[in-house]
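User: I should like to go through the reasoning behind several structural assignments. Please set each value against the criterion it has to meet.

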Amino acid sequence: MNAGMNNIVDFINVHRDRYVDELKQFLAIPSISALPEHAGDVRRAAEWTADALRAAGMENVRLMDTPGNPIVYGEWLNAPGKPTILFYGHYDVQPVDPLNLWTSPPFEATVRDGELYARGAVDDKGQVFMHIKAIEAHLKQAGSLPCNIRFFIEGEEEVGSVHLDDFVRSHKQELAADVVVISDSPMFDRGIPSICYGLRGLAYFQIDLRGTASDLHSGSFGGAVANPAFVLAQILAGAKDKSGKIKIPGFYDKVRELAPEERAEFAKLPFKENKYRKDLGAPKLFGEKGYTTLERVWGRPTFEVNGLLAGFTGEGAKTVIPAVAMAKVSTRLVPDQDPDEIGNLIEKWLQDTAPNTVEVKLTKMHGGKPWMTSFDNKYVQAAARAIELGFRERPVFNREGGSIPVVSTFSEELGLPTVLFGVGLPDENAHAPNEKLDLSNFHNGVIASAHLYNEIANAGPGA
Ligand code: BES
Ligand code: MN
Ligand code: MN
């Protein structure tokens, strides 16, 4: 390590506790993008992020308007001839219900056993903040960054980034870069840092069924009309067979089969299936026949019911035939599936399988394409070296089952490779009660991020 990097790492070590105090303030803002009543908080989180970027020494920091929540932009472009990083993350968070399952309030960040508990701790405020502090350490200690960097932090990731594609298309100049860096994913396991080279895509739907004009007495009318709750259950039950295979015609047509070499690499990872099952509290794991758990989650598509609503669900009993039934369903997609094409297949499948005893409506909600990169890319290798310097552990290469829709947009619209530099843990309860962030991973992550800018600078510009 050169003397400059030593000073920077010293600075990070000295300021460790201050970082946590500042992050707690960020986490206190309930920036829930899904709930309109939090619009003011979402805006406040954007402003907080902008202030943090200014305090770190970033330049030209501003909020950029979209038809939805603002994007926080900031830059430091004083390293001519060096590569430019486009750093992407999000300041919005998921809703917190069920609130009663939180041990400490979701927007009062609390440290217990080296973990910082709060909504947004790992997804994604903590991981965004880690980079802001790495930049601050460079600028305070060295007065400069080894490469150029643009910050691009959005506020609608958790609701599908619906305005982002248009924004990227219309701001290509402001987003010009050599590589995208994102810290918004977990590492393989505690003590096993990783570089993620693939994400699944997503296509999300709502299915509404109507049987009759109003709810009916199930004695007076039961037997004479179809029950939409029952029909919905039949339709959904028909989506998969017993071996976990999705029965929607054409669904697998574009699925790229996992290469034998890749399956062999997955199999080498220290994955403990029984511990995984126990941690999830599942009596037995279930998934598509012929594939291992990691293959199912990283390399195979899914069809899931995310929510169901029909009829009487209160205490006691009520004899009723519900007038309507509703399901939220989504599919996770793998290369080379396309969310729009899958939407059309599902539309056709519904038309063909739903009986004419009910009215069926399909609403297509948000989606995103799957993404995969090759890990011999020089920036991916630079990130691997930075992780090793920050965590004193060589990273493994993994794929993930989650989705970050904008990654494929960066690739298609800006022609940029992406490095997923995530320091979360798979059990940090993202989207669930008691979300948390391991503070030693956060601290090592700040150091690794500081190294990352150096390593990317050394890798030089251009693909
Ligand atoms: N940080 C996650 C994405 C993620 C999760 C990456 C797990 C890798 C592993 C992100 O905030 C997220 O939740 N994405 C949504 C996307 C959706 C709202 C379009 C997802 O995956 O459900
Ligand atoms: Mn996220
Ligand atoms: Mn998320």
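**Assignments and their grounds**

Analyst: This is a predicted model.

User: Which residues of α1 are buried, and what makes them lie on the same side of the helix?

Analyst: The buried residues in α1 are M5, I8, V9, F11 and I12. They cover an arc of only 155° around the axis, and therefore they share one side of α1. An α-helix has 3.6 residues a turn, so residues three or four places apart point the same way.

User: What do the buried residues of α1 pack against?

Analyst: Their packing partners are α2 (16-27), α4 (125-141) and α13 (439-459); the criterion for contact is heavy atoms within 4.5 Å.

User: How do you know that the span of helix α1 agrees with its number of residues?

Analyst: Helix α1 has twelve residues, 3-14, and at 1.5 Å a residue they should span 16 Å. The end C-alpha atoms are 17 Å apart, which agrees with that expectation.

User: Why is E115 called buried?

Analyst: The relative accessible area of E115 is 7%. Buried means under 20%, so E115 qualifies. This residue is found in strand β5, residues 115-117. Leaving aside residues up to four places away in sequence, E115 touches T110, R190, E428, K436, L437 and D438.

User: What makes the pairing of the E115 and R190 side chains a polar contact?

Analyst: The E115 and R190 side chains make their polar contact at 3.3 Å, and the cut-off for a pair of N or O atoms is within 3.5 Å. The E115 side chain also reaches the backbone nitrogen of D438, at 3.4 Å.

User: Why is strand β9 described as largely enclosed?

Analyst: Strand β9 comprises ten residues, 201-210, and eight of them are buried, so the rest of the structure largely encloses it.

User: How do you know that β9 pairs with β13 and with β14?

Analyst: Pairing requires at least two bridges. β9 and β13 (residues 324-333) have ten, in the antiparallel sense; L202, for instance, has R332 as its bridge partner in β13. β9 and β14 (residues 359-368) have eight, also antiparallel, and Q206 is partnered by T363 in β14.

User: Which residues come nearest to ligand 1?

Analyst: Of the 18 residues around ligand 1, the nearest are E157, D184, R332, S403 and H431.

Methods:
Residues numbered from 1 in each chain as written. Chains lettered and ligands numbered in written order. Predicted model: local features only at pLDDT ≥ 70, side-chain atom pairs only at ≥ 80, totals over all residues. Heavy atoms only, no water. Helix = DSSP H or I, 4+ residues; strand = E, 2+ residues; numbered from the N terminus. Expected span 1.5 Å × (residues − 1). Buried < 20%, exposed > 50% of the residue type's maximum accessible area, 1.4 Å probe, protein only. Arc of directions from axis to C-beta. Polar contact = N/O pair within 3.5 Å; in protein donor to acceptor, adjacent residues only side chain to side chain. Near = heavy atom within 4 Å.
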